[in-house]
Amino acid sequence: MQKLHFIELDSTNDYLKNNYESLNNLTFVSADYQIKGRGRNERKWFSSKGENLLFSILIKENITLKEPGLYSIYCIVEIAKYLEKIGLKNVLIKWPNDIYVNDKKILGVLSEGKYLGSNLLYVIVGIGLNVNQQYLNEQLIRPFTSIYNELNHPIDIEILKDEIFPLLEKLLLNINDYQKETNSYLSNHNYLKNKEVYAFLNNKKKLIKVIDIVDGKLLAKVDNELILINSGEITFH
């Protein structure tokens with residue numbers, strides 16, 4: 001594991017994309033603040049300087065999973081289990097890339113990949129975990145929470161790194177061994193399970209009922225037919 005930290009970056013994902021050739025496999029890049037932090041679909045990621053854990057991981061060896069998004073799902077499951085271990089309650093996965101605690105978003109993931117032909121050259125998993133930030137001035141679609149808000153005390157971010165980074169390193173070095181455990185956790189901690197939500201399928205907004213998560217894909221009922229959804233935007237309206 002190679003660890004790099006910066007006071008400020010445009011984006012930890014962008015740093016890895018721009019420097020992937022010269023960096024080692026499993027380089028972890030963190031920053032106190034991201035000038036252009038973003039989530040899925042180019043949404044801005046709001047975070048106060050030095051209060052949250054913002055980092056990205058470069059994977060460029062032994063890429064066995066076929067899609068960058070699958071790496072996101074495996075990583076957030078490991079972090080969700082860690083959050084439960086330190087005392088957070090009602091920790092659930094909102095497919096495809098969020099962790100919710102007590103119906104509020106605490107973590108988001110943005111995965112990106114570069115292909116060489118049909119093979120992935122590298123995968124970058126960017127993670128934003130709300131740690132000590134207690135509130136946001138910005139108006140957000142999703143309710144906000146943090147570890148501080150859930151446990152009612154501040155958290156040492158360096159200790160979080162020392163505990164979370166090795167968990168993710170072990171996962172990414174042995175990811176195929178985690179399939180059964182990850183599938184079980186996803187099935188039992190699916191925030192969307194049995195909910196009716198909207199998904200964009202073939203460029204059309206469709207009402208779906210979520211049944212389960214299977215191998216990182218969303219199993220849903222659409223027009224009385226069961227389908228697997230690989231990726232996409234899920235909304236409640």
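Which residue stands opposite Lys221 in β10? Lys209 does. This is a predicted model, in which local features need pLDDT of at least 70 and side-chain atom pairs count only at pLDDT 80 or more, while totals for chains, interfaces and linings use all residues. Residues are numbered from 1 along each chain as its sequence is written, and side-chain values use heavy atoms, with hydrogens and water left out. Helices (H or I, at least four residues) and strands (E, at least two) are DSSP runs numbered from the N terminus.

**Sheet**

- An open sheet is formed by five strands in the order β11-β10-β9-β8-β12, with antiparallel pairing; two strands pair if DSSP finds at least two bridges between them.
- The edges are held by β11 and β12 (234–235), each with a single partner strand, so one side of each has no neighbour in the sheet.
- Five bridges join β9 and β10 in the antiparallel sense.

**Helix α2**

- Helix α2 has 18 residues and spans 27 Å from its first C-alpha to its last, close to the 26 Å expected at 1.5 Å a residue; the expected span is 1.5 Å times one less than the number of residues.
- Of the 18 residues of α2, 14 are buried, so the helix is largely enclosed by the rest of the structure. Buried means under 20% relative accessible area, exposed over 50%, and partly exposed in between (1.4 Å probe, protein chains only).

**Cavity**

- The structure holds one cavity of 30 Å³ or more. On a 1 Å grid over the protein atoms alone, a cavity is a set of points where a 1.4 Å probe fits but cannot get out, and lining residues have an atom within 4 Å of a point.
- The largest cavity has a volume of about 40 Å³, a volume being the space filled by probe spheres set on the points, which are joined across faces, edges and corners.
- Its lining consists of Leu70, Ile73, Tyr74, Gln179, Thr182, Asn183, Leu186, Asp215 and Gly216.
- The elements that give two or more residues to this lining are α2 (68–85) and α5 (179–188). The most comes from α5, with four residues.
- By class, the lining has four nonpolar residues, four polar and one charged. Ala, Val, Leu, Ile, Met, Phe, Trp, Tyr, Cys and Pro count as nonpolar, Asp, Glu, Lys and Arg as charged, and the others, Gly among them, as polar.

**Salt bridges**

- There are nine salt bridges in the structure, each a side-chain nitrogen of Lys or Arg within 4 Å of a carboxyl oxygen of Asp or Glu.
- One of them joins the side chains of Lys81 and Glu181 at 2.4 Å, N to O. This pair links distant parts of the chain, with Lys81 in helix α2 and Glu181 in helix α5, 100 residues apart. Glu181 counts as partly exposed, at 42% relative accessibility.
- Lys105 and Asp98 form a salt bridge with their closest N and O atoms 3.3 Å apart; both Lys105 and Asp98 are buried.
- Asp223 and Lys206 meet through their side chains in a salt bridge of 2.8 Å, N to O. Asp223 lies in the loop between β10 (217–222) and β11 (225–229) and Lys206 in strand β9 (residues 204–214), so this pair ties together parts 17 residues apart in sequence. Asp223 is exposed, with a relative accessible area of 57%, whereas Lys206 is partly exposed at 27%.

Methods:
1 Å grid on protein atoms, 1.4 Å probe; cavity = no way out; pocket = protein on both sides within 12 Å on 5 of 7 lines; lining within 4 Å.
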